[in-house]
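Student: I would like to learn how to read a few features of a protein model. Can we go through them one at a time?
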Amino acid sequence: MAVAKRVDTGRLSGGRGDGLRFPMTGFWLTFSDRDAPEMATALIVSDDGRGDPVVMPLFRRSAFRLELLDRYTVAVEEEPYRRFLAREPQDPSWREPWARLVRDAVREGKRMSRVHVVTEPLSDYLRFEFACGYPASAEAGEEIRVLRRASWPHLLLPDHDFWLF
């Protein structure tokens, strides 16, 4: 298992980091052995919600994400989030690239899961994520759990999100 590595986006353009960008999804695919040679040659690169890219190897068995923030800023969510706040109908197609990635992994016998530690009352963003983001991920096969921060005050949690492979 390895924790995802953060990389400078400049290192991913050209050279040995050639790849495919999925514009509107918040992630892109790059092929390289430079960043995680012990894991895989294909990497999924995603925004961590703070504007920093995160490299996720196309994992062999499982991918776990711990989420600790009450708000993320992800380009693909801007319009759906605006619509949610305005109580306008949603177009669920914005979740399809991630849902497809999850379905493909699950079909290959891999496991994807996450735990989101939340503060109550829930922020508008978390209400949006629970109503508009997580259902498509769960339907695709991702195992999603929510943990109330106040219920587990003794846990020594980090101050940042992470992936574990």
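Tutor: Start with burial. Buried means under 20% relative accessible area, exposed means over 50%, and partly exposed is in between, with a 1.4 Å probe and protein chains only. Both W94 and F128 are buried by this rule. The model is predicted, so local features need pLDDT of at least 70 and side-chain atom pairs count only at pLDDT 80 or more, while totals for chains, interfaces and linings use all residues. Residues are numbered from 1 along each chain as its sequence is written, and side-chain values use heavy atoms, leaving out hydrogens and water.

Student: What percentage of the 165 residues counts as buried?

Tutor: The figure is 43%. Accessible areas come from the Shrake-Rupley method with a 1.4 Å probe; for residues, only the protein chains shown count as cover. The protein has about 9500 Å² of accessible surface, and carbon and sulfur atoms hold 56% of that.

Student: How many helices and strands does the protein have?

Tutor: Elements are DSSP runs numbered from the N terminus: helices are H or I of at least four residues, strands E of at least two. Here there are three helices and nine strands. Their order from the N terminus is β-β-β-β-β-β-α-α-β-α-β-β.

Student: Which residues make up the largest nonpolar core?

Tutor: First, the general idea. In soluble globular proteins, nonpolar side chains tend to be buried together. A nonpolar core is a set of buried Ala, Val, Leu, Ile, Met, Phe, Trp, Tyr and Cys residues joined through side-chain atoms within 4.5 Å. The largest one here has twelve residues: L69, Y72, V74, V76, Y81, F84, W94, V118, Y125, L126, F128 and C132. α3 gives the most, with four. Another core lies apart from this one; it has eleven residues, including W98, A99, V102 and W163.

Student: How many aromatic pairs does a search of the whole structure find?

Tutor: A pair of aromatic rings is described by the distance of the centres and the angle of the planes. Rings of Phe, Tyr and Trp (its six-membered ring) pair if their centres lie within 6.5 Å; planes under 30 degrees apart are stacked, over 60 edge-to-face, and the rest tilted. The search finds eight pairs. Y72 and Y125 form a tilted one, at 6.0 Å between centres and 50° between planes. Y72 lies in the loop between β6 (62–67) and α1 and Y125 in helix α3, so the pair ties together parts 53 residues apart in sequence. Y72 is buried at 3% relative accessibility, and Y125 is buried at 2% relative accessible area.

Student: Why is the pair of W94 and F128 stacked?

Tutor: The ring centres are 5.7 Å apart and the planes stand at 15°, so W94 and F128 count as stacked. W94 is in the loop between α1 and α2 (96–107) and F128 is in helix α3, so this pair joins parts 34 residues apart in sequence. Y72, Y81, F84, W94, Y125 and F128 form one aromatic cluster.

Student: Which side chain of opposite charge is nearest to E129?

Tutor: For charge, Lys and Arg are positive and Asp and Glu negative; His and the chain ends are not counted. A salt bridge needs a side-chain nitrogen of Lys or Arg within 4 Å of a carboxyl oxygen of Asp or Glu. E129 is in helix α3. E129 is buried but has no salt bridge, and R114, the nearest side chain of opposite charge, is 5.1 Å away.
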